[in-house]
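This report goes through a predicted model. It takes up individual residues, then helix packing, then a sheet.

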Amino acid sequence: MLDFLKEEGVDPAVIEGIAAFRAEHPLPEGMAERVPDPKYRYYGREVWNQAATVLLCGENLLLAGPKATGKNVLAENLARAFGRPCWDVSFHINMDASYLIGSDTFNGEKVVFGPGPIYQCARYGGFGVLDEINMAKNEALAVLHATLDYRRSIDVPGYDLIRVDPAARFIGTMNYGYAGTRELNEALVSRFAVLDLPLISEEDMNKLLRHHFPRISPRYAGQFVQLFYDLHKKADSAEISARAVDLRGLLDALRLMEKGLDAAHALDLCITNKTFDPYEQTLIRDVIAARIPKNLDRVKVFPG
Amino acid sequence: MLRRQYSPEQRRALNLIWAAAGQYDLDPPFMAFDPDGQPDFYFNCVVGLAAKWLDMARLEAFFAGYAGSPRREMFDELVWLGLENCVYEKELPVRPVLAALRQQYAEAFFARQQKMSRQQWMAKNNRVYEQQQARWAPLAHRRGPLLTPRGRELARALALPGTLDTEGVIRQLQEMLREFFLFSGEENSRTSRAFHVTGLWAALLTKLLPTEVRHTDQLVLRRSSQLGGAGAAPGGKALLADHLSVRRAEADRAYMETCFGRSIYNDHDLAALEQSLCTGSHRNCHLWITRGEPSPDRPPDQEARQLARDAARQRQRNLDFYARHSQLYASGIRRLSEQIQDALHSYCQPQPVRARTGRLDSRRVWRAPCLHDPAVFLRQTDDIQPDLSVDLLLDASASRLDSQELIAAQGFVIGESLRRCGVKVQISAFRSLRGYTVLQLLKGYKDPGCRSIFGYFAAGWNRDGLALRTAARLADSGCQHRLLLILTDASPNDSQKIPPSGGIPISRDYGDEAAVADTAAEVKALRKEGFRVGAVFFGLTRNVPCLKTIYGREFVRIQKIDQLAGAVGSLLQRQLREMD
């Protein structure tokens, strides 16, 4: 991963810092399985520099940005780069303190404490990814305040006060204004450094496609990149919903094409059909047709 | 304010143009359709690409240069043939698919020929047609027409190279028109003939021909196709009269009462309401809040009788329309009720109810010794009784003339669905006229049914800021969660100006940026008060920035008015999810 960061042109001081962090905080025993092996690399030198610096300084990081900006990909990549075990917590409306910290459970003989992901993360010095943090009610998140600020502790009622391991970091992700989200309160936001993730740049998206599909024709890679931006622009103008602006879907479609499916069907399956309104589907198909020939097949997209 | 409604096909064509141009605020001068009325994929892309690569404002000025010519249709076809070649060459390096699209278009061009009737053949301009054939034949691998030397020269002139800029393109096109068609621009001097028809002819012709709807300050309660018909005051005259006459408050008030029915407030309460709400940008404005019941004190004059007849006719049209589609709407009500019920179950906690056993309610405990009321306990039930009120504001300005029946039917679906789920709902229509912002209460919180929604009709202007402020005042203040949803085109507009204020010493029109800023400030203030404000947007794409300014991201856009109920359902779900 550090080699990748060098290739990306990340500040050498930051890379050295990450290497030093890894040396200072060796991976606890039995935790190797928890270190993520990201399927996608996060491309974006500036973002890497900022995010890694925040974590090296011991701060927690809140990644904000619209759909398809790579918030979770970056969180996974950071855990990998820092060599830390990762606990991914998907937040939802009914999230409460016991889900995060842990709750009583019966082990067959007696009632014991069943640790939650935040507890484990704090104990083993992991990276806690708080996914869609603004989906949960603010009251449920109040339990994290002491964990996230200078106190770095978790007081489990009826059990011990545990100190958060110095290597532990928390990375929140949020899509502001996404359906089902709410405003984060000031108390919580103040415990994070907030990094507003931009939409992936044309150059970085080209790199991403070439990394995953080394045989892709540069000509068509460019057209798929432009297709993504066309869809983004259309969604931004509220002509279609944001469902079709799906970078994962685009990569999945290319994967299907690589296996032999034609472009029209692959894009239908992975992009167009994600919206269920027939009229919206027509508009999405029009955008696709204005970039990708209907009869485009594997040989043309993946020559050689 | 002129309102342009787009059919789904037109909107699709626009989307093609916008996507190719990469600009979504573009108002293109042309849209291309095939003979079946379907958007022409390739040529709409060409129109969009022309906007991308060339200066559209200058091109439009060039188009306007021959707009008065009787040969304009032929010129349009030839000019676009020229532009097609130019933008194709410019765009091809960055969009390779264009070559395939061009070839498909060429093949479709010849395929269409085989289906053309004799009349269609006769209607074709031979000179244009042979140029089109010459352009498309090689691409479709066909033999081109046998052109005369002059025809070949014209074909060469129409193959505008991609290296030209806007000025070069216009210069070459002007040269082409001058050289091959002896067009020097003088054909524009002819004035168009105008006929003025009234009565039955006017009603018939406006039904057959395209019409424009203009707002005036005289209430015109008609369908757009009937504008200009018997009994309706001419717009220009009404507007002029409004500006020249000294407006008499009593006369305007009487007019409101005649048109919309008596106010639900007495004079004293209404004055107090105006004093508290008609402030800032709405100073000098008035309010009229009505259920549409005729005033018993005011004898109807001829105009009032006519308006009452028109309103009753519109109500009957609304009812007939609903009856014709009742099955469809009944399933719509079922679907929306289920959607709301699901959301309520997911996001609302069951409310405790008063009971004789359960958890002691300390606030009510005094009732046991004093009133011998044993119900001083609270008991949890499974029933969801949402502590929620929904106020739906329907824009009833004249821009909605074309969709009155649909809006009434959709309003009914929304009202009935919410009522069935036990949600308090109030539905009002709002419009402005002569400085009055009129809120017509179509369904109150306590009304047992929703059929009064069919009393919806469209007329007048829309002063969104004041309408929102008033609707918020009328909302149930006892509810913990108050949702205010509005059907809007994000284009607030009123004839009553914004009065001078400290910063701006002159009065301004209530429209464009000033009105958007006012409405946005109003929405912000309501959110501060604890209202959740969301919009269902049905309007022009160019108003989307205004929409975002006013409502932030709390909006759902609909392309057809019959998506209104679904959109309100989604907004409601979204708002319910966000409730703490």
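Does Ala68(A) count as buried or exposed? The relative accessibility of Ala68(A) is 17%, and under 20% means buried, so Ala68(A) counts as buried. The residue sits in the loop that runs between β1 (60-64) and α4 of chain A.

Asp512(B) lies in helix α19 (residues 512-528) of chain B. Its relative accessibility is 66%, and with the cut-off for exposed set at over 50%, Asp512(B) therefore counts as exposed.

A further residue, Ser98(A), belongs to helix α5 (residues 97-101) of chain A. Ser98(A) counts as partly exposed because its relative accessibility is 33%. Along the sequence, 42 residues separate Ser98(A) from Ala140(A), while in space the two are 9.1 Å apart from C-alpha to C-alpha.

**The two chains**

Chain A has 304 residues, of which 55% are buried. Its secondary structure consists of 15 helices and nine strands. When contacts between residues at least 6 apart in sequence are taken in chain A, 74% of them join residues at least 24 apart.

Chain B has 580 residues, and 51% of them count as buried. It holds 21 helices and twelve strands. The share of its contacts that join residues at least 24 apart, among those between residues at least 6 apart, is 72%.

**Helix packing**

Two packed helices are described by the angle between their axes and the distance between the axes.

| Helix pair | Angle between axes | Axis distance |
|---|---|---|
| α2 (residues 12-24) and α4 (residues 71-82), chain A | roughly 65° | within 9 Å |
| α5 (residues 97-115) and α7 (residues 126-136), chain B | about 135° | 10 Å |
| α19 (residues 512-528) and α20 (residues 544-551), chain B | about 30° | 7 Å |

In chain A, the axes of α2(A) and α4(A) cross at roughly 65°. On the α2(A) side the contact is made by Ile18(A), Phe21(A) and Arg22(A), and on the α4(A) side by Arg80(A), Ala81(A) and Phe82(A). Four of the residues in this contact are nonpolar, two are charged and none is polar.

How are α5(B) and α7(B) oriented to each other? At about 135°, the two helices are oblique to each other. Their crossing is left-handed. From α5(B), the residues Arg102(B), Tyr105(B), Ala106(B), Phe109(B), Phe110(B) and Gln113(B) take part in the contact, and they meet Tyr129(B), Gln132(B), Gln133(B), Arg135(B) and Trp136(B) of α7(B). By class, the residues of this contact are six nonpolar, three polar and two charged.

The helix that holds Asp512(B), α19(B), packs with α20(B) at an angle of about 30°. That angle makes α19(B) roughly parallel to α20(B). Val516(B), Thr519(B), Ala520(B), Val523(B) and Arg527(B) of α19(B) are in contact with Cys546(B), Thr549(B), Ile550(B) and Tyr551(B) of α20(B). Here six residues of the contact are nonpolar, two are polar and one is charged.

**A sheet in chain B**

Strands of a sheet pair through backbone hydrogen bonds, either parallel or antiparallel. Chain B contains an open sheet of seven strands with mixed pairing, in the order β1-β7-β6-β5-β8-β11-β12. Which strands stand at the edges? They are β1 (286-290) and β12 (555-557) of chain B; each has a single partner strand, so one side of each is left without a neighbour in the sheet. From one strand to the next, the twist averages 20°.

Within this order, β8 (residues 481-488) and β11 (residues 531-537) of chain B pair in the parallel sense, over seven bridges. At one of the paired positions, Arg482(B) has Phe531(B) in β11(B) as its bridge partner.

Helix α17 (residues 404-420) of chain B packs on the sheet. The strands it touches are β5 (388-395), β6 (424-433), β7 (436-443) and β8 of chain B. The direction of α17(B) makes about 155° with that of β6(B).

Methods: Residues are numbered from 1 along each chain as its sequence is written. Chains are lettered from A and ligands numbered from 1 in the order in which they are written. This is a predicted model: local features need pLDDT of at least 70, side-chain atom pairs count only at pLDDT 80 or more; totals for chains, interfaces and linings use all residues. Side-chain values use heavy atoms; hydrogens and water are left out. Axes are lines fitted to C-alpha atoms, for helices over the stretch in contact, and angles run from 0 to 180 degrees between N-to-C directions. Helices (H or I, at least four residues) and strands (E, at least two) are DSSP runs, numbered from the N terminus. Contact means heavy atoms within 4.5 Å. Ala, Val, Leu, Ile, Met, Phe, Trp, Tyr, Cys and Pro count as nonpolar, Asp, Glu, Lys and Arg as charged, and the others, Gly among them, as polar. Angles under 35 degrees count as roughly parallel, over 145 as roughly antiparallel, 65 to 115 as roughly perpendicular and the rest as oblique. A crossing is left-handed if the near helix is turned anticlockwise from the far one by less than a right angle, and right-handed if clockwise. Two strands pair if DSSP finds at least two bridges between them. Buried means under 20% relative accessible area, exposed over 50%, partly exposed in between (1.4 Å probe, protein chains only).
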